[in-house]
Amino acid sequence: MTETQRVLVIDDEKINLKIISDILRGDVDVTLAKSGSQGIRKAIELKPDLILLDVLMPDMDGFETMAILNRDVRTCAIPVIFITALDDARHEEKGLLLGASDYIQKPFNAEIIRARINLHLQLSQQRKMLERLANIDPLTSLANRRKYQERLFQEWDSALTSKSPLSLVVMDIDDFKQFNDHHGHAEGDKVLQQVARVISSQFQRSIDLVARYGGEEFVALLPNCNKEYAMEVVGSCAKAIENLQHTYHHNDKKYTVTISSGGVTYVPDSSGKVEDLFSAADKMLYLAKQKGKNCVLWTNNDLLTSL
Ligand SMILES: [Mg+2]
């Protein structure tokens, strides 16, 4: 992995900030904060890989700072190493109970600091890699169903708060079994990969999530997105997939690979259930298949509330 990792150092004494940043500079990106509150702001904004946190600071000490970082979902997973001059088992215990990963004692020893920080950065990198692998579909490299489910709950809650429209579309390759029967599963996998690339390239907003739901079925979750925009992008996906010109024969007739899509746009309210969003899109997909495939059908609040 070539990405430079970022370490946030929070210490009220300028000289300590300078010593630590001199030790670390060149190996990692160092960001400095001279108080707990400034450190918390920078942790939220920059999402560092590791935080070095001084225990003794005026106003808000290291323990208080750590407790606030722990309570915030945006910062609670960032490992924290306490910096302390105190050779005091009680402080060490308190820090560890709060979830500190390690301790560095003053006066600083450059080699020990480098070794400890490298160790924790490596652990953080491994943790992130495992997290990524757990959320990715290995065939298409899209997000997997688990990641989609996780984001669905988050986006539902946030749309509920902001009263903004949330769109969801389910896209399914038409008669894919017949393609596989004709060409074999290895070719089928290549088509799945190409379709995945097409779909993810059409949804260009960074907030959109495209995932492989399973088999030949894909979903796109589109926060703060109205029906018109969502339908337009889905239409472009369908056209681009048809233009790939993957053909197969079935009962002596030639077919081209196409997709059918079912979508829903809904402004969540407290009477709605998150599960109903997928059910509504899935129902539209079912109707699109009934209608003859290679088409898009969409619904809005009405269907969802009648489910
Ligand atoms: Mg201090």
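Domain bounds, as I use them here, come from an automatic or database domain assignment.

**Entry 1: the model and its domains**

I worked on a predicted model, in which local features need pLDDT of at least 70 and side-chain atom pairs count only at pLDDT 80 or more, while totals for chains, interfaces and linings use all residues. I noted that residues are numbered from 1 along each chain as its sequence is written, and that side-chain values use heavy atoms, with hydrogens and water left out.

I looked up the domain assignment, which gives domain 1 as 6-134 and domain 2 as 145-306. The C-alpha centres of domain 1 and domain 2 lie 43 Å apart.

**Entry 2: the open sheet**

I next looked up the strands. I took helices (H or I, at least four residues) and strands (E, at least two) as DSSP runs, numbered from the N terminus. I counted two strands as paired if DSSP finds at least two bridges between them.

In which order do the strands of the open sheet stand? I read the order of the 5 strands as β2-β1-β3-β4-β5, with parallel pairing. The edges are held by β2 (29-33) and β5 (102-105); each has a single partner strand, so one side of each is left without a neighbour in the sheet. On average, and with direction ignored, neighbouring strands are turned by 20° against each other. For such angles, axes are lines fitted to C-alpha atoms, for helices over the stretch in contact, and angles run from 0 to 180 degrees between N-to-C directions.

I then followed helix α2 (residues 36-46), which packs on the sheet and touches β1 (6-10), β2 and β3 (50-54). The direction of α2 makes about 145° with that of β2. Contact means heavy atoms within 4.5 Å.

I examined β3 for burial, where buried means under 20% relative accessible area, exposed over 50%, and partly exposed in between (1.4 Å probe, protein chains only). I found that 5 of the 5 residues of β3 are buried, so this strand is largely enclosed by the rest of the structure. In a regular strand the side chains alternate between the two faces of the sheet. In β3, Leu50, Leu52 and Asp54 lie on one side and Ile51 and Leu53 on the other, and all are buried.

I recorded 4 bridges between β1 and β3, which run parallel; Ile10 has Leu53 as its bridge partner in β3. Another 4 bridges join β3 to β4 in parallel, and Ile51 stands opposite Val80 in β4. Strand β4 (residues 80-84) pairs with β5 in the parallel sense over 4 bridges, with Ile81 opposite Asp102 in β5.

**Entry 3: the magnesium ion**

Which residues coordinate the magnesium ion? I found Asp12 (OD), Asp54 (OD) and Leu56 (O), at 2.0 to 2.2 Å. Donors are N, O and S atoms within 2.8 Å of the metal (3.2 Å for Na, K and Ca); water is not among the atoms, so sites may look incomplete. Along the chain, the donors follow the spacing D-x41-D-x1-L.

Are Asp54 and Leu56 buried or exposed? Asp54 counts as buried because its relative accessibility is 1%, whereas Leu56, at 53%, counts as exposed.

**Entry 4: backbone details in loops**

I checked the peptide bond from Lys106 to Pro107 and found it cis, with omega near 0°. Pro107 sits in the loop between β5 and α5 (110-134).

Lys163, although not a glycine, has a positive phi of about 55°. This residue lies in the loop between α6 (145-162) and β6, and Lys163 is exposed, with a relative accessible area of 65%. Asp175 also is not a glycine and has a positive phi of about 45°. I placed Asp175 in the loop between β6 and α7; Asp175 is partly exposed at 26%.

**Entry 5: the nonpolar cores**

I took a nonpolar core as a set of buried Ala, Val, Leu, Ile, Met, Phe, Trp, Tyr and Cys residues joined through side-chain atoms within 4.5 Å. The largest has 28 residues, of which Ile173, Ile199, Phe203 and Phe218 touch the most other members. At least two residues of this core come from each of β6 (166-173), α7 (176-183), α8 (185-202), β8 (217-222) and α9 (227-243). A second, separate core of 21 residues includes Leu152, Leu166, Val170 and Tyr213.
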